[in-house]
Amino acid sequence: MSEIFAYAIGVMYTPGPINLLGLHTGLNNRTRTHIGFFIGVGCAMFTLFVFLGYVGLNVINPQVLPFISLAGCSYILYIAWKVVRANVSLSGQSKEQKSLSFKDGLFMQLLNPKALVATLPVATIQFPSAGISGGAILFWSLILAFLAFGAPTSYSLAGRVLGKRLENPTYFRVFNYLMAALLVYVSLAIGYEHVYSRLAGA
């Protein structure tokens with residue numbers, strides 16, 4: 001069991017598009033308004049763990065994965081655009097009313113290739129080797145989904161602590177641009193590794 005936790009935490013808590021967005025919401029003092037987004041992330045991971053845990057690779061066509069990754073890259077670019085447009089005041093309340101929602105977290109994580117990287121080895125290799133089957137898959141998927149919810153939430157809380165030390169609104173604008181640039185970089189990196197390389201090598 002310890003191997004499952006070690007792998008899941010190592011993958012889920014490293015910087016990625018979801019965790020970067022969590023950090024961004026914390027720096028802008030909007031952790032509470034984005035709880036739905038974080039729950040959506042956890043629900044997406046629960047769905048992936050359960051689905052892969054029960055059906056494994058039997059119904060997954062590897063040739064479809066690059067196109068799922070392409071959709072994920074496009075969605076990350078869309079989120080990056082939303083970050084660039086966000087106008088944050090010193091009070092930490094965004095003048096843009098729409099926050100990232102449960103649906104944003106759900107679909108962004110479902111389309112995130114990193115989510116598949118995290119769930120595939122656990123659900124198809126580590127679950128069976130640990131004797132996890134039947135109803136136990138639901139139980140362990142729920143635990144791992146809670147860890148997935150905790151990843152962007154912890155980044156957001158860390159960002160909130162750091163954000164309290166900032167007073168100049170220019171810092172927030174610069175950070176928004178930096179976060180958007182990082183998201184674009186992540187999208188392009190994913191696109192190259194999981195879309196272009198696989199389609200070119202096909």
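This is a predicted model: local features need pLDDT of at least 70, side-chain atom pairs count only at pLDDT 80 or more; totals for chains, interfaces and linings use all residues.

Colleague: How many helices and how many strands does the secondary structure of the chain come to?

Modeller: Along the sequence the pattern reads α-α-α-α-α-α-α-α. The count is accordingly 8 helices and 0 strands.

Colleague: What percentage of the contacts with a separation of 6 or more is accounted for by residues 24 or more positions apart?

Modeller: The chain has 202 residues, of which 46% count as buried. Among its contacts with a separation of 6 or more, the share from residues 24 or more positions apart is 85%.

Colleague: Which elements give two or more residues to the largest nonpolar core?

Modeller: This core has 21 residues, and L21, F37, I79, V83, M108 and L183 touch the most other members. The elements that contribute two or more residues are α2 (17–27), α3 (35–55), α4 (65–85) and α8 (169–201).

Colleague: How many residues are in the other core, the one that lies apart from it?

Modeller: Its members include A8, M45, A118 and L147. The size of that core is 20 residues.

Colleague: Which residues does M108 touch, not counting residues up to four places away in sequence?

Modeller: M108 is one of the residues that touch the most other members of the largest nonpolar core. Leaving out residues up to four places away in sequence, M108 touches P17, I18, L21, F37, Y75, I76 and I79.

Colleague: Are α2 and α3 roughly parallel or roughly antiparallel to each other?

Modeller: Two packed helices are described by the angle and the distance between their axes. Here the axes of α2 and α3 come within 11 Å and cross at roughly 165°. Angles over 145 degrees count as roughly antiparallel. The relation of α2 to α3 is therefore roughly antiparallel.

Colleague: How do the residues of the contact of α2 with α3 divide into nonpolar, polar and charged?

Modeller: α2 passes α3 in a left-handed crossing. On α2 the contact is made by I18, L21, G22 and T25, and on α3 by F37, F38 and V41. These residues divide into 5 nonpolar, 2 polar and no charged.

Colleague: Is S187 buried or exposed?

Modeller: S187 lies in helix α8. Not counting residues up to four places away in sequence, S187 touches C73, I76 and L77. Buried means under 20% relative accessible area. The relative accessibility of S187 is 3%, so S187 counts as buried.

Key. Residues are numbered from 1 along each chain as its sequence is written. Side-chain values use heavy atoms; hydrogens and water are left out. A nonpolar core is a set of buried Ala, Val, Leu, Ile, Met, Phe, Trp, Tyr and Cys residues joined through side-chain atoms within 4.5 Å. Buried means under 20% relative accessible area, exposed over 50%, partly exposed in between (1.4 Å probe, protein chains only). Helices (H or I, at least four residues) and strands (E, at least two) are DSSP runs, numbered from the N terminus. Contact means heavy atoms within 4.5 Å. Axes are lines fitted to C-alpha atoms, for helices over the stretch in contact, and angles run from 0 to 180 degrees between N-to-C directions. Angles under 35 degrees count as roughly parallel, over 145 as roughly antiparallel, 65 to 115 as roughly perpendicular and the rest as oblique. A crossing is left-handed if the near helix is turned anticlockwise from the far one by less than a right angle, and right-handed if clockwise. Ala, Val, Leu, Ile, Met, Phe, Trp, Tyr, Cys and Pro count as nonpolar, Asp, Glu, Lys and Arg as charged, and the others, Gly among them, as polar.
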